[in-house]
Amino acid sequence: MKILMTGVADNPGGTESFVKDVVSGLHNNHEFSVLRIKEQPEAHREFFSSLSVKSFYVSGIFGLKSILKRKKIFKRFLAENNFDLIHINAPNINSIYMIAAAKELGIQTIYHLHNSNSSGISLLNRMIARVAKRYLGTYILKNASKVVAVSEDAAISWFGKKSDRVFVIYNGINTQKYLFDQNKRNDIRNKYGIGVEAKVAVMVARLEPIKNYEFAFDILDNLMPKSIQTFFVLGDGSQADYLKNYVKETMNDEAIKNVKFVGRTPDVPDYLFASDIGILTSFSEGLGLSVLEGEAAGLPMEVSEGVPRVVDVTGNVDFINLGKGVKYWANKMDERLNETKDRLIANENVQKSSFSKEVFLQKINEMYGDLGGKHEY
């Protein structure tokens, strides 16, 4: 089956990890291509190249200015490449033109919602999506071959209720990759000169407004250096320069020296091993894969109520309302630093849950099989 995976950006995030995992696990069953959203190479390009995955960019289909012509442009692109299935990975319900173009050519579509609100698009586009939600949602349910949401929260957010037509498939993680490793913990700590007894916090998220990093830095400013000595920030994005300046302008001198902007790194598990607590202050998350990764690495996690509660499969996740304020969050984190948990048992709990990579890939491949691909996995 020849499958086009859309919605792949240049900055690795949840959608990019999802596409990489699907291609990695199912490339022997299907011929995959990716449609990137920017001209520059997509995230994980080297990996995709190693599996002979083609990468496409189609000019003139993104942004509000393209709204009247993008269906025609996309239809022409599809006609030239003979795909059997378009797996539309979307942050919102604004990509219905892809369904329309594919349907006119008799190509099947999966509309896969990865967020519970309109993240990653302009304020104007979010307003349009909000006003047109009922029409767009109805169109998707009626015309897409399959509709998938990353969580029940995402399904309800976009369609008002959990429609029978919407399948919820949780993104999975490779739990073995996050099995706690003391030697890797020591290596990262030695690299940064962090002592054995020092306490380390970590946040894994794109440097984008929806992640609410300012709030996280305000919390850590109350905890550093007395309770927490180092804060790792893993991710990159449009706010990188702004957030580095925010740290310099608002945090105490000791904290400033020990906030480590790591950027993009393939060594996320090692930084989780080196840490003692995780935090995620997002306004909203479709699922919150980084929370599951933190759990699999054995970390207690302090997260906002914008994260779906279904991700707590270890009992190690606290969901806190952002309205509780900085000091409340700081006190909760301080309390949890003194907890003693078996990090290996936490990993085992994630492995047994619905979020294991094996369960996730099986469900994706079954869905492809229903649309004409191989059922075997």
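## Nonpolar cores

Six residues of the largest nonpolar core, which has 101 residues, touch the most other members: Phe-74, Leu-78, Phe-217, Ile-219, Phe-231 and Phe-232. Here a nonpolar core is a set of buried Ala, Val, Leu, Ile, Met, Phe, Trp, Tyr and Cys residues joined through side-chain atoms within 4.5 Å. Buried stands for under 20% relative accessible area, exposed for over 50%, and partly exposed for in between, using a 1.4 Å probe and protein chains only. Apart from this core lies another one of 22 residues, including Phe-18, Val-19, Phe-48 and Phe-360.

Take Leu-78: leaving out residues up to four places away in sequence, Leu-78 touches Leu-4, Phe-83, Ile-86, Ala-101, Ala-102, Leu-105 and Ile-107. Contact here is heavy atoms within 4.5 Å.

## Ground rules

The model is predicted, with local features needing pLDDT of at least 70 and side-chain atom pairs counting only at pLDDT 80 or more, while totals for chains, interfaces and linings use all residues. Numbering runs from 1 along each chain as its sequence is written, and side-chain values use heavy atoms, without hydrogens and water.

## Helix α8

Helix α8 spans residues 182-192, and its buried residues are Arg-185, Ile-188 and Arg-189. They sit on the same side of α8 because they cover an arc of only 95° around the axis, the arc being that of the directions from the helix axis to the C-beta atoms. Helices (H or I, at least four residues) and strands (E, at least two) are DSSP runs, numbered from the N terminus.

The buried residues of α8 pack against β8, β9, α12 (268-274) and α15 (343-351). On the face turned away from the buried side, you'll find the exposed residues Asn-183, Asp-187, Asn-190 and Lys-191.

Going from Met-224 to Pro-225, the peptide bond is cis, with omega near 5°. Pro-225 belongs to the loop between α9 (213-223) and β9 (230-234).

His-44 has phi near 65° and is placed in the loop between β2 (31-36) and α2 (45-50); His-44 is partly exposed, at a relative accessible area of 24%. Asn-212 has a phi of about 60°, lies in the loop between β8 (200-204) and α9, and counts as buried at 8% relative accessibility.
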